[in-house]
Amino acid sequence: MRLIDLFTAPDRHLILFGGKGGVGKTSIAASASVFTAKRGKRTLIISSDPAHSLQDIFEQPHIGSGKVERVKGIDNLYALEIDPKEVLHDYQHYLDEYPEYKLLLGDNFESFPGSNEGFGLLNIIRMYRYENYDRVIVDTAPTGHTLRLLSFPDFMKTSMMRLIRLRHALGSFAGKIANFFRRKKKDGEMPEKDPVELLEKIRQWAIEAREWLIKPETCFIIVMIPELLSIFETQRLIKELQHYNIQIGGLIVNKLFPSKTDCEFCRAKRLVQDQNLQIIHQKFAQFHPCEIPFLTTEVHGLDILDKLSQFWLHV
Ligand SMILES: Nc1ncnc2c1ncn2[C@@H]1O[C@H](COP(=O)(O)OP(=O)(O)OP(=O)(O)O)[C@@H](O)[C@H]1O
Ligand SMILES: [Mg+2]
Ligand SMILES: [Zn+2]
């Protein structure tokens, strides 16, 4: 399937962009969102980058954290930035209320690898379910590390079993210990939620997120640059995505220096890139690598995003 088909076909809903830092994920995801919005598809672009990257790339400061905003100057385009740390903050709050859970899992969720970005991703998928968009484009960095969130339900299950066993072992004494540790609310009431119930709820979210990610209408586009380190990272990412049965929709090689030029520096750069491109086309042939040149302009604003989309969506 060609990349353009992913964005024009009626049955593709959730498209995630991932890859190593700085390779162009946000730029390319944003260009995709401009492309689909211009073709009349109600599009939501989400970024879990705490650096407010969407605000900058669309040059629209009203795009803020935690709320869907309309992108001005174009129809059908909506943007949402979420700070994964903020998402985690909610969960941390629950943790503080349930000391017995804390005893088992450590002080915070961050002790679970990949949880920080992972919770961002989980929340994205939960929110997406409630909104009605033709396309949801996600700019995030689910490297192998973040994708470990997908093993979160199993991790939760083990923790819950431990919690239940601990309660059985301690009998009614457990309740007294818990109450002793448990921070009282302002009005002196105990929190009414059962920690096991809460764990089960979070586990269900994680299971749902996993189900969304492996749906046939979901796919993942890998962005890379023609450098050895990016090749290694891409190899790991592909393995991880395949392990979780997440479809890979394509591969974009960004920031190519010109091949025909009088500039000595550019020629030398391109020579190295060409060697790596050869490896890329050999190793990743099945994902039909598509190339984007290094633009002379900085990537921000609707016009340049539109122009960028033409390089890889061939219009
Ligand atoms: N094809 C391109 N030509 C010129 N500049 C580009 C191109 N693609 C991206 N850039 C520039 O490279 C920088 C990094 O791009 P971008 O922010 O999209 O990468 P990213 O993968 O989202 O980075 P991060 O991992 O930090 O979120 C930006 O300054 C952007 O303007
Ligand atoms: Mg980015
Ligand atoms: Zn040059």
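Helices (H or I, at least four residues) and strands (E, at least two) are DSSP runs, numbered from the N terminus. Residues are numbered from 1 along each chain as its sequence is written, and chains are lettered from A and ligands numbered from 1 in the order in which they are written. The model is predicted: local features need pLDDT of at least 70, side-chain atom pairs count only at pLDDT 80 or more, and totals for chains, interfaces and linings use all residues.

Confidence was examined through pLDDT, the predictor's confidence in each residue, from 0 to 100. The protein has a mean pLDDT of 81. A value of 70 or more is reached by 69% of its residues. Helix α7 (residues 144-147) has the lowest confidence, with a mean of 58. Helix α12 (residues 264-283) has the highest, at 97.

Eight strands make up an open sheet of mixed pairing. Two strands pair if DSSP finds at least two bridges between them. The strand order is β3-β4-β2-β5-β1-β6-β7-β8. β3 (69-70) and β8 are the edge strands, each pairing on one side only. β7 and β8 run parallel and are joined by three bridges. Opposite P293 of β8 stands L256.

Burial was assigned from C-beta atoms placed from the backbone: a residue is buried if 20 or more others lie within 10 Å of its own, exposed if 12 or fewer, and partly exposed in between. A nonpolar core is a set of buried Ala, Val, Leu, Ile, Met, Phe, Trp, Tyr and Cys residues joined through C-beta atoms within 7 Å. The largest such core has 52 residues. A30, I45, I221, V223 and I252 have the most contacts inside it. Helix α2 (residues 25-38) gives the largest share of this core, seven residues. Contact between two residues requires their C-beta atoms, placed from the backbone, to lie within 7 Å. Beyond its neighbours within four places in sequence, I252 is in contact with I28, I221, V223, C290, I292 and W312.

W312 belongs to the buried residues of α13, together with L302, L305, L308 and S309. These residues cover an arc of only 120° around the axis, which puts them on the same side of α13. The arc is that of the directions from the helix axis to the C-beta atoms. D303 and Q310 are exposed on the other side of α13. The cover over the buried residues of α13 includes α1 (3-8), α2, β7 (248-256) and β8 (290-293). The expected span of a helix is 1.5 Å times one less than its number of residues. For the twelve residues of α13 (residues 302-313) this gives 16 Å, in agreement with end C-alpha atoms 16 Å apart. H314 follows α13 and has a positive phi, near 45°.

Helix α11 (residues 228-243) has 16 residues and should span 22 Å; its end C-alpha atoms are 23 Å apart, which agrees. Its buried residues are S230, E233, T234, L237 and L241. They fall within an arc of 105° seen down the axis of α11, so they line one face of the helix. The face turned away from this buried side carries the exposed residues L228, F232, Q235, K239, Q242 and H243. Just after α11, N245 has a positive phi of about 60°.

Positive phi values also occur in loops. E59, in the loop between α3 (53-57) and β3, has a phi near 55°. E59 counts as exposed, with 12 C-beta neighbours inside 10 Å. H288 lies in the loop between α12 and β8. Its phi is about 50°, although H288 is not a glycine. H288 is partly exposed, with 13 other C-beta atoms within 10 Å.
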